[in-house]
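Please look over the sequence and the structure shown here before reading the report.

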Amino acid sequence: MSERYEKGMKVRRRILGDAHVDRAEARKSDFEAPFQEMITETAWGHVWASDGISERERSMITLALLAALGNFDEIPMHIRATTRTGASKRDVLEAFQHVAVYAGVPRANHALKLARETFDEMEREGGA
């Protein structure tokens, strides 16, 4: 694997946690392996590895973009990552308020629902 892939995997594990990454890696098929390699190199090894902004800020931007574009499936994963990025519940709320104004209330409302459910799950698990 490339140096960028190795760097990306370290960042991915730091942000998402070993358990999440191990589960994802165990499910990875030969068919999707090239796609996963590309995501690890670009999203994690380039974008998330950049020191241009903090992980907290990057987390807030990511959540806002996911909500604004209606990519709701990844919101719970990135809510869970806030325990590692330093983004607070207040930060998440602020990000989704921006979504409401600039991308639409229904998307922000659904994202908030997912965030609330995920934070509640994390509290039950002792992780929030």
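This is a predicted model: local features need pLDDT of at least 70, side-chain atom pairs count only at pLDDT 80 or more; totals for chains, interfaces and linings use all residues.

## Nonpolar cores

The largest nonpolar core has 19 residues, and among these I75, I79, V92 and F96 touch the most other members. Helices α4 (55–68), α5, α6 (89–102) and α7 (105–125) each supply at least two residues of this core, with α7 giving the most, namely 6 residues. In general, nonpolar side chains of soluble globular proteins tend to be buried together.

For F96, once neighbours within four places in sequence are set aside, the contacts are L63, A64, A67, I75, A108, A111, L112 and A115. There is also a second, separate core of 9 residues, which includes M9, I15, L16 and W48.

## Helix α3 and its cover

Helix α3 (33–47) has 15 residues and reaches 20 Å from its first C-alpha to its last, which is close to the 21 Å expected at 1.5 Å a residue. The buried residues of this helix are Q36, T40, W44 and G45, and what covers them includes α1 (3–16) and α5.

## A nonpolar patch on the surface

On the surface, I53, I61, L65 and L69 form a nonpolar patch, and together they have about 360 Å² of accessible area. One of these residues, I53, lies in the loop between α3 and α4; because its relative accessibility is 32%, I53 counts as partly exposed, a class that runs between the 20% limit for buried residues and the 50% limit for exposed ones.

When its neighbours within four places in sequence are left aside, R80 is in contact with T118, E121, M122 and E125. The C-alpha atom of R80 is separated by 15 Å from that of A67, a residue 13 places away along the chain.

D91 has its place in helix α6. Is this aspartate buried or exposed? At 9% relative accessibility D91 counts as buried, because the value falls under the 20% limit. Not counting residues up to four places away in sequence, D91 touches R56, M60 and G86.

Note on methods: Residues are numbered from 1 along each chain as its sequence is written. Side-chain values use heavy atoms; hydrogens and water are left out. Contact means heavy atoms within 4.5 Å. A nonpolar core is a set of buried Ala, Val, Leu, Ile, Met, Phe, Trp, Tyr and Cys residues joined through side-chain atoms within 4.5 Å. Buried means under 20% relative accessible area, exposed over 50%, partly exposed in between (1.4 Å probe, protein chains only). Helices (H or I, at least four residues) and strands (E, at least two) are DSSP runs, numbered from the N terminus. Patches are made of residues with over 30% relative accessible area and no salt bridge: like charges are joined within 9 Å, nonpolar side chains (Val, Leu, Ile, Met, Phe, Trp, Tyr) within 5 Å. Accessible areas come from the Shrake-Rupley method with a 1.4 Å probe; for residues, only the protein chains shown count as cover. A salt bridge is a side-chain nitrogen of Lys or Arg within 4 Å of a carboxyl oxygen of Asp or Glu. The expected span of a helix is 1.5 Å times one less than its number of residues.
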